[in-house]
Amino acid sequence: MKCEDVSRELIPYLDRRANSADRHEIEEHLAACSACHARAEELRRLWSVLDEVPVVEPSLGFDARMRARITEEPRPRWFRWFVPQPRLALSMALLLAVSVWISRLPQDNSGLTASAQSEHEQFQVIKNLDVLENYDVLSKFDALDEVPVDQSAQPDQKNDQQSQQDDGG
Amino acid sequence: MTRSDVQLMLDVKAGDDSSFDLLLQKYRTPLVNFLYRMVRDRATAEDLAQEVFLRVYRARKQYSPSAKFTTWLFRIATNLALNSVRDNRHRQMDVSLDAAPADEDAAPLQLPAREMRIDEHMIERDRADFIRGVVSSLPEKQRVAVLLHKYEEMDYGEIAKILDCSESALKSLLFRAYETLRVQLAPFVSPAARRAGKEARHEM
């Protein structure tokens, strides 16, 4: 070990925290190098000198003041059990806000079935027929019921049979 | 059975304030001494120690035993002490900037030789105060490292965590700090200087 290496490991050596391999190498170096040996001795004495600084005790009122400050700290209340953790509360509030926002979005009609759509259109057409609000027109519709259905249908049937015969001949 | 610091803190977390009292009694003296050596003012040191304990108490609900209790405690103390030292330094700078300008014609300040200053200090103040003053004149990080290493006897890993540095960086830091102290306190630690000091006192 060189003097610089010893310098780096001298404090762990002196406080007995160096590993045994380092300790052995340092001891060998200190035995051979008077400068490092003198330095190590001075550091040992320095630590004794530093121990001369007396320990100060906290003032008598220290504990009382500390307890008073602790007592002033807000206590947990009984209803705190019901209050969720702040992060959870925030998440729930966000979730609720998003749900409300989504529910207020305009409805998309693309999902309606075709039949429901056609019914809807027919209803709109009927609703817009002003004629249905005219009593005279409606009463004439009633008169149509008196027209015999068979008579009106027979000429058409005869015509159909005639045309079939013509096609066959 | 004695409960560990971590167990005591977990009990505080569970709502047992008497466990906090035990932690307070165990650490108030080391904490006040550490802070006193940092800020060099007893009243400030006690105020800061109270603040450290209050922060620990306030953080009890979030406490998780991921590190040693003392690492956490002294990390809070170190941060508060360094902030206090810096604030104090700023206040002193403000005062000196506001002070009346010095007389330019006055004789330049004569700094006495180190031996003289040490003798004067030994006369004016007691030895322990002088040693404390030399320690507190170390750069901040070196001072914290020495106080935690020498007086709190913390291991290197714990001090490195408090100072947020590697263990090898801490070893270099400690060596530089102790070398500075060895030179500054040479009259107390150097055999030649001690002999000279004794002879000087004998002649007086």
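This is a predicted model: local features need pLDDT of at least 70, side-chain atom pairs count only at pLDDT 80 or more; totals for chains, interfaces and linings use all residues.
Student: At what angle do α1(A) and α2(A) pack?

Tutor: About 115°, with their axes 10 Å apart. Axes are lines fitted to C-alpha atoms, for helices over the stretch in contact, and angles run from 0 to 180 degrees between N-to-C directions. α2(A) covers residues 20-32. Helices here are DSSP runs of H or I with at least four residues, numbered from the N terminus.

Student: What does that make α1(A) relative to α2(A)?

Tutor: Roughly perpendicular, a label for angles of 65 to 115 degrees.

Student: Which residues make the contact?

Tutor: α1(A) uses Val6(A), Glu9(A) and Tyr13(A). α2(A) brings Asp22(A), Arg23(A), Ile26(A) and His29(A). Contact means C-beta atoms, placed from the backbone, within 7 Å.

Student: How many residues of chain A touch chain B?

Tutor: 28, in contact with 30 residues of chain B.

Student: Which element gives the most on the chain A side?

Tutor: α3(A), with seven residues. α1(A) and α4(A) also give two or more.

Student: Now chain B. How many helices?

Tutor: Eleven, and zero strands.

Student: What share is buried?

Tutor: 31% of the 204 residues in chain B. Buried means 20 or more other C-beta atoms within 10 Å of the residue's own, with C-beta atoms placed from the backbone.

Note on methods
Residues are numbered from 1 along each chain as its sequence is written. Chains are lettered from A and ligands numbered from 1 in the order in which they are written. Two residues are in contact if their C-beta atoms, placed from the backbone, lie within 7 Å. Angles under 35 degrees count as roughly parallel, over 145 as roughly antiparallel, 65 to 115 as roughly perpendicular and the rest as oblique. A residue is buried if 20 or more other C-beta atoms lie within 10 Å of its own, exposed if 12 or fewer, and partly exposed in between; C-beta atoms are placed from the backbone.
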